[in-house]
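This briefing is meant for someone meeting the structure for the first time.

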Amino acid sequence: MTICKHFNEDRAESKKMPIAVPVAWFLLGILLIVSDFMLLTTAGYLLAAFAAYKLFFRGRMLACCISNYHKQVAAG
């Protein structure tokens, strides 16, 4: 059993979307935050938070797989 076993379903879902999409959503959310219209500002916060969660999850998944790889290399 690998350390990344619990990420298998989420990995399959995240591979459908390139990494540029959450980055673009995050940047669009940041751009909308500076709007004077309250609805757009709220949408910007939500969009930036959602994209940041997706990016954080991908980073956590990558860190888990890298640490698993290093353990396998050390074990031989």
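Contact, as the word is used here, means that heavy atoms lie within 4.5 Å. With that in mind, Thr 41 is in contact with Leu 32, Ile 33 and Ser 35, when its neighbours within four places in sequence are left aside. The model is a predicted one, and the chain in it holds three helices and zero strands.

**Overall picture and confidence**

- The mean pLDDT of the chain is 82, and 80% of its residues reach 70 or more.
- Confidence is lowest in helix H1, which covers residues 8-14 and has a mean of 64, whereas it is highest in helix H2, residues 20-33, at 93.
- Where pLDDT is low, the predicted coordinates should not be read in detail.
- Among the contacts in the chain with a separation of 6 or more, 64% are accounted for by residues 24 or more positions apart.

**How H2 and H3 pack**

- Two packed helices are described by the angle between their axes and the distance between the axes.
- For H2 and helix H3, the latter covering residues 38-75, the axes come within 7 Å and cross at roughly 150 degrees.
- Because angles over 145 degrees count as roughly antiparallel, this crossing makes H2 roughly antiparallel to H3.
- The crossing of H2 and H3 is left-handed.
- On the H2 side the contact includes Pro 22, Val 23, Trp 25, Phe 26 and Leu 28, and these belong to a set that meets H3 residues including Leu 40, Thr 41, Tyr 45, Leu 47 and Ala 48.
- The residues of this contact of H2 with H3 divide into 16 nonpolar, three polar and one charged.

**Pro 22, in H2**

- Pro 22 is found in helix H2, and it is buried, with a relative accessible area of 1%.
- Leaving aside its neighbours within four places in sequence, Pro 22 is in contact with Met 17, Ala 51, Lys 54 and Leu 55.
- The C-alpha atoms of Pro 22 and Ala 48 are separated by 8.9 Å, although the two residues are 26 residues apart along the chain.

- Thr 41 lies in helix H3, and at 12% relative accessibility it counts as buried, because buried means under 20% relative accessible area.
- Leu 47 is also found in helix H3, but with a relative accessible area of 22% it is partly exposed.
- Not counting residues up to four places away in sequence, Leu 47 touches Trp 25, Leu 28 and Gly 29.
- From C-alpha to C-alpha, Leu 47 and Ile 33 are 9.6 Å apart in space, while in sequence they are 14 residues apart.
- Ala 49 lies in helix H3, and it is partly exposed, with a relative accessible area of 48%.
- Ala 49 and Trp 25 are 24 residues apart in sequence, and their C-alpha atoms are 9.5 Å apart in space.

Methods: Residues are numbered from 1 along each chain as its sequence is written. This is a predicted model: local features need pLDDT of at least 70, side-chain atom pairs count only at pLDDT 80 or more; totals for chains, interfaces and linings use all residues. Side-chain values use heavy atoms; hydrogens and water are left out. pLDDT is the predictor's confidence in each residue, from 0 to 100. Helices (H or I, at least four residues) and strands (E, at least two) are DSSP runs, numbered from the N terminus. Axes are lines fitted to C-alpha atoms, for helices over the stretch in contact, and angles run from 0 to 180 degrees between N-to-C directions. Angles under 35 degrees count as roughly parallel, over 145 as roughly antiparallel, 65 to 115 as roughly perpendicular and the rest as oblique. A crossing is left-handed if the near helix is turned anticlockwise from the far one by less than a right angle, and right-handed if clockwise. Ala, Val, Leu, Ile, Met, Phe, Trp, Tyr, Cys and Pro count as nonpolar, Asp, Glu, Lys and Arg as charged, and the others, Gly among them, as polar. Buried means under 20% relative accessible area, exposed over 50%, partly exposed in between (1.4 Å probe, protein chains only).
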